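Biologist: I have the structure open and a few things to ask. Can we go through it bit by bit?

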Amino acid sequence: MGKILDKINKPNDVRRLNKKYYKKLAEEIREFLLENVSQTGGHLASNLGAVELTIALHSVMRFPKDQIVWDVGHQAYTHKLLTGRREEFAKMRQLGGMSGFPKRHESPCDSFDTGHSSTSISAALGMATARKLNGGKEKIVAVIGDGALTGGMALEALNNVSQLKENFVIILNDNNMSISENVGGMSNYLNKLRVGERYNEFKVDVEHSLSKIPMVGNTLVRKVKNTKDHVKGLLLDSSWFDDWGITYIGPVDGHNMKEMISIFERAFKINHPILIHVKTVKGKGYLPAEERPALYHGVGSFDLEEGAEGNSNKAPSYTDVFSKKLVSMAEKDSSIVAITAAMPDGTGLSRFQKYYPDRFFDVGIAEEHAVTFAAGMAVKGLKPYLSVYSSFYQRAYDQILHDVCLQNLPVRFIIDRAGLVGQDGETHQGVFDISFLSAMPNMTVLAPKDGNELEQAMEFADTIDGPVAIRFGRGKAYVSDQWEAMELGKAQVLQTGEKVALLAVGGMVEECAKAVERCSQDGINISFINARFVKPFDKDMIRQLQKKHSHLLIVEEGIKQGGFGQTVEAFVEEEKLSLNVETMAIDDCFVEHGTVPELRKRLGLDAETIYNKVKERML
């Protein structure tokens, strides 16, 4: 009969399919995902683990009327396939192509844009409350992972769920992983629940058998309920969810579609909130991903035979440089501790964990807690290094401002993935950290131009008695042969010239260097400066520039509003300096997915555009 997947061309086609073909459909979807993600890159392991769960949900829901909110959205590829977007996978995560995350503008079947963790219950609860007020009947489901359940926002939402007195389904997709293995009390609690599967099977079998007894079956089922609940209390303590006003069901085999469909159908008939605990295997169906799910969480293109390790880059990344330097510093200073929020591998701290396990702390998906946790350590004389991706620091704005900066505590904020990160799109581009960190009193913000300067910045930060943020980009560390001792608030002059001065921030030094080289080839001699310090910036250098320059061109890979360029522009205006200042930055927009070179070109932050801008100002 050909491929089953070929029959899935629009929303709800899976409902028209005989359920006996669902297992074959799941196999074909895994084959499709492996073939496509190995070409485009993407979030592989999480999607492989959620195939049967998604098919089961689609078999009992109607789209776009019914709505699923996928927490983070890493696992929504099968949902996209089942809602008629198969042909778009060839350009997934490419400029102008389909996003790797749910996007409302992309399809009415994507009910909520996601990309950061622990948001699904809040969003879906808001939708369910609106449904109640509007008198609607649509099914609304929140799918959340066990790792995301450690996030404070998810717990806040659970606290609010009991106020809804009608149907609301939460699917706990439990694979014992976030990106890395889960940690903490929530993980321990779920471990206890996981062993209850045998009890749940027993419970269903007893109810099924009793209900078949003529005349008295249903009465017996009701009468043994109290006894059954006492047995449950002895074997499986799920009272935590019950105390929140949420009926708990599970654990359920997340790869048994027949079982899930039966439970989902019944769950949608219950007139109060219900949580269904579904156990899945991250990376299921591709052995390398099952064995090393963290490696296959987010991957670039790779050969299916060689696996993701086959395309590893030998050149050290900025994360590698940071990782090795921190271990080196910790060897000499026992007060150095390292903290991350569920990303020891991505932030390079797994190396620190290996050498200093007692000084390493993974707090789970809890960035707000991580910051104030670090503040508490700093109060007691430790030197905490907190490493989190730029876009995830946004979640801890208040804690950085109120708990660290207000007290002027020496917490070192490592801002990994600063600037454009590429194909994960709007929710992951690290383009806001300069703006929000620079506005905070007592904060020092460093933007090293290359790997060597990153090491230098880490050593220099150790001399500052207050909060310090060190930002660096994703990927291979730039190598420059220009070194100069670091002094607080002082920029580094890389080349002296006249008329036009090019002032670059962090990763933009590498891009600007290409433009400067082309200028030199054309006989255009300009000044080229590495800002180094975003805050405090080098005011004396700016004052000196007006002596030989009429134009100051600032280049930063961040949002223009509140950024470094606007800060310098305001200073020049206040001091009435004779400089025409122009900032090349990202102008009031969210940046879609695409490769970093493509995005820089589109945003006018590539070497060619910088060169042309300089050449125009030299005329």
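This is a predicted model: local features need pLDDT of at least 70, side-chain atom pairs count only at pLDDT 80 or more; totals for chains, interfaces and linings use all residues.

Biologist: Where does Lys103 lie?

Modeller: Lys103 is in the loop between helix H4 (77-82) and helix H5 (120-134). Helices (H or I, at least four residues) and strands (E, at least two) are DSSP runs, numbered from the N terminus.

Biologist: Is Lys103 buried or exposed?

Modeller: Lys103 counts as buried because its relative accessibility is 4%. Buried means under 20% relative accessible area, exposed over 50%, and partly exposed in between (1.4 Å probe, protein chains only).

Biologist: What does the side chain of Lys103 make a polar contact with?

Modeller: The side chain of Glu426, at 3.2 Å. A polar contact is a pair of N or O atoms within 3.5 Å; within protein, one must be able to donate a hydrogen and the other to accept it, and residues adjacent in sequence count only if both atoms are side-chain atoms. Leaving aside neighbours within four places in sequence, Lys103 is in contact (heavy atoms within 4.5 Å) with Asp110, Asp113, Glu426 and Thr427.

Biologist: Different topic. In what order do the 7 strands of the open sheet come?

Modeller: The order is E7-E6-E8-E9-E11-E10-E15, with mixed pairing. Strand E7 (360-362) and strand E15 (533-535) are the edges, each pairing on one side only. Two strands pair if DSSP finds at least two bridges between them.

Biologist: And how many bridges do E6 and E7 pair over?

Modeller: Strand E6 (residues 336-340) and E7 pair over 3 bridges, in the parallel sense. Phe361 in E7 is the bridge partner of Ile339.

Biologist: Which strands does H16 touch?

Modeller: H16 packs on the sheet and touches E6, E7, E8 and E9.

Biologist: Last one, H20. Which of its residues are buried?

Modeller: Gly451, Glu453, Leu454, Gln456, Ala457, Met458, Phe460 and Ala461 are buried in H20. That is 8 of the 11 residues of helix H20 (residues 451-461), so the helix is largely enclosed by the rest of the structure. At the start of H20, the backbone nitrogen of Asn452 has a side-chain oxygen of Asp450 within 3.4 Å.

Conventions. Residues are numbered from 1 along each chain as its sequence is written. Side-chain values use heavy atoms; hydrogens and water are left out. Axes are lines fitted to C-alpha atoms, for helices over the stretch in contact, and angles run from 0 to 180 degrees between N-to-C directions.
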